[in-house]
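Good morning, everyone. Please bring up the model on your screens, and we will walk through it together.

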Amino acid sequence: MMRYIRLHKIFIKQDLKKLMEYKVDFLLGAVGFLLEQAAQILCLGIIFAGIPALCYTVDGVVVDSWGFNEVLFIYGFSLIPKGIDHLFFDNLWGLGYWIVDKGDFDKYLTRPINSWFYVLCEKFCVDALGEIIIGIVLIIYSTLSMPAQVADAINWWRVLPVLAVMPFAILIFTSIKTATAAISFWTKRSGHITHMCYMTNEFAKYPTKIYNTFIKTAITFVLPFALTAYYPAIYILRGESVWSLPVTVLVSLALFGISQLIWYRGISSYESAGS
Amino acid sequence: MENKEIMIKVKDLRKEFRKAVKEPGLKGSFKALFNPKYDIVKAVDGISFEVPKGEIIGFIGPNGAGKSTVIKMLTGILTPTSGECCIDGKIPTENRKEYVKEIGVVFGQRTQLWWDLALRETYMVLKEIYEIPEDAYKERMAFLNEVLELDDFITSPVRTLSLGQRMRADIAASLLHNPKVLFLDEPTIGLDVVVKDNIRKAIKKISEESGTTVILTTHDLEDIELLCKRIVMIDKGKKVFDGELSELRRRYGQMRELKFELKNPDDFEKLSYKKDFSFADDDLSIDRTGGTVNVRFNSDVVTVEKMLSYTLSKVHVKDINVKDADIEEIIRRLYLGGGETDETADSHL
């Protein structure tokens, strides 16, 4: 384990050196990412400029509602586990898009280290720092600008258990990427499957109650991104959904197990490419 | 070789691929989408051989023969469909991580170096991956430096290296952890004569000084001649020859290729090698495109001298040359030879 941590540090260092070699590429990536996030936040702002709050109604009666600041808080929070996964484990995308297809996976199998770990930590995606920083800024901004009765409901001690569960939230992202990327061992390419599954995390940035049962179940248990965003965020804000914390641990471990199973099964079906 | 300890053991190794059969065109692709049909392709079909410690063995065969598939199974990249391979008692499918510590791999067409970084950085990372102690690393680097002359470009980014430098760098990278077995898949592909020669010398020296067992695949007969005593030849997934190079040469290497260009293409009619020399079917083949004629013949039956003087006495040529049979030619001959090859293969086990 210690050896792997040391190796990870070395890989990150190498990748940072590489970054210094391609400064323009890095800058363009960072600017592009900022623009993308700005557009999304602008979109939220426009929607909320037209409505006072996001409401969940049953038979026309408002059961629950979320103000702009709360939605912004959830949105900001969602970027943190997502950003951390993105920062450290971005290379999995490459697996489904070209690494397996071109036979480049050979390299990972001829080294005396765990192949999954090697793929995972080979790339250090600095762009993701932007994601994390924006997340933190949104959390701070939304908290500061909250109406008094919303802000009063926050108990900052609740941050501690959420932080403790954070690694498992990150594991949800990593496991879903791993499982879908590993499909490429059979199909040669699976980048689009990964993309499709990954993008459902967009749903998780909003209160799950606004969705129908199907989507709600899907983003809570199947592709459980709600456990990485809405549930922990609303727990901090209002103390709701305490159950989601242990569930996050269990679901993430189950997903991790499944993803590893697919990974190792996949490796034995890996066909390389002609040379 | 005084030390007859077996390093590599391959027994009845097989690999089958499932290949989707598609009819041509977009329509065919659609059909295959809804009603996929598969063919089983036997890429490697029951291969067995053993390699003693310290030996350099040439692994040859035409493109698509299954060489790379065998190498990829031996390096733990592909999982065999059945059969076993083991290096120094270790089996790749059982404990890949332990197994690959014992081997070094160079794929000529693909680099394992960190593309965007200075070459030295690659070696630093490999040192950590293989957990090489500092003093062993220094000693090894010094040795590899001396043999492969890395000093000139060790601080350059890998992407700026020439192909020859990159190949030397790649070989050094595969040997840093002092593996027991080195796999070289076409190490001289695309290199110029001088660089090829340097690389061959380096491989030889490394094998001698470190006692490394080397498995080499190549299409260059010279690689084989200069490096390997023994060759294993495979085709269509089966072993067709396993023995000393001299044996192969003696049995199949007497073929020569006589190539010339006629001043007047119609003169071709005047040549009747088969009739005038009474060649057997196996010993002669003639290809002709326009004025260019390509005659392959067995120089045991008719000497090169006789063939030349016969040709020159019958026709006027613009250009003429004689070549040794290349590997492809020997393989082609082996096929014509048929049955006896199996016997040779078995007798060597």
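Let's start with chain B. Of its 349 residues, 36% count as buried. Buried has a cut-off here: 20 or more other C-beta atoms lie within 10 Å of the residue's own, while 12 or fewer makes it exposed, in between is partly exposed, and the C-beta atoms are placed from the backbone.

Some ground rules. This is a predicted model, in which local features need pLDDT of at least 70, side-chain atom pairs count only at pLDDT 80 or more, and totals for chains, interfaces and linings use all residues. Residues are numbered from 1 along each chain as its sequence is written, and chains are lettered from A and ligands numbered from 1 in the order in which they are written.

Back to chain B. Its secondary structure comes to 13 helices and 13 strands. Both kinds are DSSP runs, numbered from the N terminus: helices are H or I with at least four residues, strands are E with at least two. Along the principal axes, the C-alpha atoms of chain B fill a box of roughly 70 × 55 × 50 Å. Now take contacts in chain B between residues at least 6 apart in sequence: 74% join residues at least 24 apart. Contact means that the two C-beta atoms, placed from the backbone, lie within 7 Å.

Next, a sheet. In chain B, three strands form an open sheet in the order β2-β1-β4, with antiparallel pairing. Two strands pair if DSSP finds at least two bridges between them. Which strands are at the edges? They are β2 (37-52) and β4 (82-87) of chain B, and each pairs on one side only. From one strand to the next, the twist averages 25°. Strand β1 (residues 6-21) of chain B and β2(B) share 13 bridges in the antiparallel sense.

Five of its five residues are buried, so β7(B) is largely enclosed by the rest of the structure. In a regular strand, side chains alternate between the two faces of the sheet. Check both faces of β7(B): B:Thr213, B:Ile215 and B:Thr217 are buried on one side, and B:Val214 and B:Leu216 are buried on the other. What does β7(B) pair with? Strand β3 (residues 56-60) of chain B runs parallel to β7(B) over four bridges, with B:Gly58 opposite B:Leu216. Strand β6 (residues 181-185) of chain B also pairs with β7(B) in the parallel sense, over five bridges. There, B:Val181 has B:Thr213 as its bridge partner.

Over to chain A. Chain A has 14 helices and two strands. Its radius of gyration is 20 Å, close to the 19 Å that the globule rule gives for 275 residues, so chain A is as compact as a globular protein of that length. That radius is taken over C-alpha atoms, and the rule is 2.2 Å times the number of residues to the power 0.38. Of the 275 residues of chain A, 39% count as buried.

The two strands of chain A are β1 (residues 53-58) and β2 (residues 61-67), and they pair in the antiparallel sense over six bridges. A:Tyr56 stands opposite A:Asp64. Their hairpin has two residues between the strands, and A:Asp59 takes a positive phi near 50°.

Now two helices. In chain A, the axes of α9 (residues 159-182) and α13 (residues 230-238) come within 10 Å and cross at roughly 175°. Axes are lines fitted to C-alpha atoms, for helices over the stretch in contact, and angles run from 0 to 180 degrees between N-to-C directions. α9(A) and α13(A) are therefore roughly antiparallel; that label needs over 145 degrees, under 35 is roughly parallel, 65 to 115 is roughly perpendicular, and the rest is oblique. A:Val159, A:Val162, A:Val165 and A:Ala169 in α9(A) meet A:Pro232, A:Tyr235 and A:Ile236 in α13(A). By class, that contact has seven nonpolar, no polar and no charged residues. Nonpolar covers Ala, Val, Leu, Ile, Met, Phe, Trp, Tyr, Cys and Pro; charged covers Asp, Glu, Lys and Arg; the others, Gly among them, are polar.

Last stop: where the chains meet. 26 residues of chain B are in contact with 20 residues of chain A. On the chain B side, α4(B) gives the largest share, four residues. That side divides into eleven nonpolar, six polar and nine charged residues.
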